[in-house]
Amino acid sequence: MANGMAGLFIGTTGLKTAQIALNATAHNLSNINTEGYTRQQVTFQDTVYMPVKTNDKVTTPVYGLGVGISEVRRIRDTFIDAAYRSENARLGFYESQYQAVNEIEDLFGEMQGVTYQTYLTDLYNSLNELTKNPTSTVARSSLIQTATAFVDKSEAIYEGLTNYQTTLNTEVRNMVATINDLGKKIFDYNKKITAIEAAGIEHANDLRDERDKAVDELSEYMDLDYYEGPNGEIIINAEGVPFVSLNEVAVMDTQYIQGTSLVEPTWPVYDRVVFSAKNLATASNATDTDKGKLKGLILARGNMVVDYTYVAERPDASDYDLTSMAGIDKYNKDYEAYSEKQEYYNTYIYPSQILSAMASFDYLVHGIVTALNDVLCPEITVETSEEIMDANGNAIQADMYYYNNRSESVLYNRFGAEVEGVKNDDGTYTYESGEKLYSNSNGDGSGALPFDKIEYSFLDMEKTDYGMDSDRTVGVELFSRNNTQRYIKAKDANGEDVYIRNNLNDQKYESYYRLGNISINPKAAQNLALIPLSTKTDKEDLARANELIDTWDVRFGTFNIEEYSKATFNSYYNNFVGKFATWGDILDSYVNNQQNMVTGYDNQRTETMGVSSDEELQKMIKYQHAYNASSRYVNVVSEMLEHLVTSLGA
């Protein structure tokens, strides 16, 4: 009777296991189109074996009690998962930068529409017409129109760059929020999975699928390291710090970068930024640090707002007296300062698409604007030991202040910001500053230090031209700084009028010829006669007009940091556009290669974890036959037992 009942039990185990296998197969089929679903597979095992009593002293016969379920497991390759997530992070890194390059190219219109080159050509052509007849009202009007179009287009491009930088800044905020949400979601899944699997009876396969899907998504944004704990929870390190742990999620936050409206991600729990400036600057494939869309986005956006002043200008040896020790020393110091500035540019600005475009483009526009203005308003540099006063008795700010042999290693400007000195061989410090320096950071004008000398820029009255108006106006520039006069009129020691370059706007802040602060001089635009192209004898100055057109042939700077030779305005711009075109091609290649790798790994995962309807239908038929066979077996055993009971009872 015992053996008979055991036989019945064997049949019921067959029914149960076949039913579980049918349910798993049906679950696979119902999720065939579910994103992130992993195919589940039922594995079988023998149940316990019972000994048979016997007098055999050598062996102990046993009989089994049927079949059981070993596990319902997910068919997933963790090594392919890791490879997919690593390459997905790298794809996100390069996609962010590729999109930035595309946006920059669209702003300049070189791929479609009216190109920026057209505005440069139009400005050149109008200058060329002016050389034929400098006093022509038509030629002057054409110059004002093309110069206005040039400034408007330049400002529009720069505004587009700053707006895109703001857009990327918003994306950084949103991405940080998305990363935090994914971290919290993974943490919640950890809790649910461990609760279900704590008893060691079943696997929370569907929850694990959802968690893996969240980890896949998170891998696009950050460089991840992760492992599964003993209770089924997944522990994640993001960018080298614990992000999702057993007990918490170390959520990210953002903070403003000092002096800007830009934000950077931080780890409040660890009291540190997520990406240091050096970490961003050195990101590369060689060091396996080119991962994460967030890092790529911040690198493309940059961590500051830059202009032409960030571009290093290599000192020209021909400008120095290298036959004297003083001249050699001056050249060496200037070259050292250039090298430091160039290294800073190469490290923190050049790798960023937005910052590189901002600084280089502003450098071009500044070069064009100042070159044309300097022809119309020729200047000389005057050194003096005393400040010059304006008509109201106020000191006019000089171009440069020199402080020699100071004992302090740090001084302060009028805003309280630190200014570092250059250390001399005798342990003292030298300062060259565009404004006065102070011994303290009060910013209230107290503690002003005596300077050794200062430099002013004067309108060169020997070389200047005059306007065609009755007052024979001098010093009228073509391009002006917003709310800033070019010159302050003063008197020299002989009581003669002098015109001193003004460096402050109406609000007493330093004013530069940079994008966002440039416009057509309203005086010249409203009265064409004021453009100074007439000689002292009131004749048209053809030579001065030719100087304007000759600025186009002057080699003023270089865009490519790997080149030392300078370029003209047109060749500089062509190099600028060419660099971004090359940059775009390289990034496009990276993105395509990474996309292929990510797709390849995803296809490998799909081959392993994906559900095949044909295969699952075959299994369903197999398990259905197994169920039917177990059912018939149970019927046979049941009939046998009934026959035995009936026969014995008779």
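**Ground rules.** I am working with a predicted model, where local features need pLDDT of at least 70, side-chain atom pairs count only at pLDDT 80 or more, and totals for chains, interfaces and linings use all residues. Residues are numbered from 1 along each chain as its sequence is written, and side-chain values use heavy atoms, with hydrogens and water left out.

**Entry: T25.** I looked up T25 and found it in helix 1, residues 2-30. Helices (H or I, at least four residues) and strands (E, at least two) are DSSP runs, numbered from the N terminus. Is T25 buried or exposed? It counts as buried, at 2% relative accessibility. Buried means under 20% relative accessible area, exposed over 50%, and partly exposed in between (1.4 Å probe, protein chains only). I then checked contacts, meaning heavy atoms within 4.5 Å. Neighbours within four places in sequence aside, T25 touches E616, K619, M620 and Y623.

**Entry: helix 2.** I checked the length of helix 2, residues 78-108. At 1.5 Å a residue, its 31 residues should span 45 Å, and the end C-alpha atoms are 46 Å apart, which agrees. The expected span is 1.5 Å times one less than the number of residues. At the N-terminal end I found D77 as a cap, with a side-chain oxygen 2.9 Å from the backbone nitrogen of F79. Just after the helix, G109 takes a positive phi of about 65°.

**Entry: the lining of the second largest pocket.** Which element gives the most to this lining? Helix 2 does, with seven residues. Strand 4 (67-74), helix 5 (205-221) and strand 5 (224-228) are also among the elements that each supply at least two.

**Entry: helix 11.** I listed the buried residues of helix 11 (542-550): R544, A545, L548 and I549. They cover an arc of only 150° around the axis, so they sit on the same side of helix 11. The arc is that of the directions from the helix axis to the C-beta atoms. An α-helix has 3.6 residues a turn, so residues three or four places apart point the same way. The cover over these buried residues includes helix 3 (116-132) and helix 9 (353-376). D541 caps the N-terminal end, with a side-chain oxygen 3.3 Å from the backbone nitrogen of A543.

**Entry: A545.** I went back to A545 in helix 11. At 1% relative accessibility, A545 counts as buried. Leaving out neighbours within four places in sequence, A545 is in contact with L130, T131, P134 and L533. I also looked up N55, 490 residues away along the chain: its C-alpha atom and that of A545 are separated by 125 Å.

Technical notes:
A polar contact is a pair of N or O atoms within 3.5 Å; within protein, one must be able to donate a hydrogen and the other to accept it, and residues adjacent in sequence count only if both atoms are side-chain atoms.
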